[in-house]
Amino acid sequence: MVAMILVGVLRHYATMLLTSMPSQSLKGIREGCALMRARALRMSQDLHADAFELRRHFLVKAFEEKQYLKNPDAAGAGPANPLQDPTQMTNLMDGLKKNMMMVVPQTIIMAWINFFFSGFILIKLPFPLTVRFKSMLQAGIDTRDMDVTWVSSISWYFLNLMGLQSIFTIILGEGNSAGGLRDMQQMQQMNPAMMAAGAGQSPDATAIFKSEREFLEIAQHRCRLEGVEQRVLEAFGKGASKAAKKTN
């Protein structure tokens, strides 16, 4: 357990050293912020009808003229190859580095446990368990008569692998890379992107902006502040009149 904690701490700092800062061009940031602005406008209920119409007209016209596209000259040319984008290549390389820092230490520890502690019994759990837990807690030991509460070395390794995240959070703080669970989730999310990159496909920004423009054009806006004066009078007018009568 102590060895796994030390390896996790070293893995966290090694990942921090190998991971480069995320880089993105100013035009790419501007493109993403424009889409976020359009979606926020569609969901907003705090703007007056005239203010909403002005903003909608401005964004629809800007989207039609392709003012916010990162590369307006390539609009309609089909999806670009992400392998030709330095930013995408940097992100892919960072993902590969994180995967390497996750797989290599765990492989070494697993081989070390199998070589030195194969067939060892480490601890006994202080509570009873059913026979169904035998295969999970006594991996590597083929003994039918042994009590289920005894835990083998390999099973204890896997239990620590999945249960040390809270210890790493106390030592290194939130969002650490020691346990590997966060990187595993990122790897699962990154796999479709890598498959798309291998196929030479990436999201078409022109189609995304066209879809967002159509959503803006058909959006039905309703301001929550319409008739607020009447609602306030209805909610508090009767109470204020009754209080005035009692005072008189």
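Q: In what order do the elements of the chain run from the N terminus on?
A: This is a predicted model, in which local features need pLDDT of at least 70, side-chain atom pairs count only at pLDDT 80 or more, and totals for chains, interfaces and linings use all residues. Residues are numbered from 1 along each chain as its sequence is written, and side-chain values use heavy atoms, without hydrogens and water. Helices (H or I, at least four residues) and strands (E, at least two) are DSSP runs, numbered from the N terminus. The elements run α-α-α-α-β-α-β-α-α-α-α-α.

Q: How many helices and strands does the chain have?
A: Both kinds of element are present. The total is ten helices and two strands.

Q: What percentage of the 248 residues is buried?
A: Buried means under 20% relative accessible area, exposed over 50%, and partly exposed in between (1.4 Å probe, protein chains only). Of the 248 residues in the chain, the buried share is 27%.

Q: How are H1 and H7 oriented to each other?
A: Axes are lines fitted to C-alpha atoms, for helices over the stretch in contact, and angles run from 0 to 180 degrees between N-to-C directions. The axes of H1 (residues 2–18) and H7 (residues 165–172) come within 11 Å and cross at roughly 55°. Angles under 35 degrees count as roughly parallel, over 145 as roughly antiparallel, 65 to 115 as roughly perpendicular and the rest as oblique. H1 and H7 are therefore oblique.

Q: Is Lys66 buried, partly exposed or exposed?
A: Lys66 sits in the loop between helix H3 (49–64) and helix H4 (86–116). Its phi is near 60°, a positive value in a residue other than glycine. With a relative accessible area of 35%, Lys66 is partly exposed.
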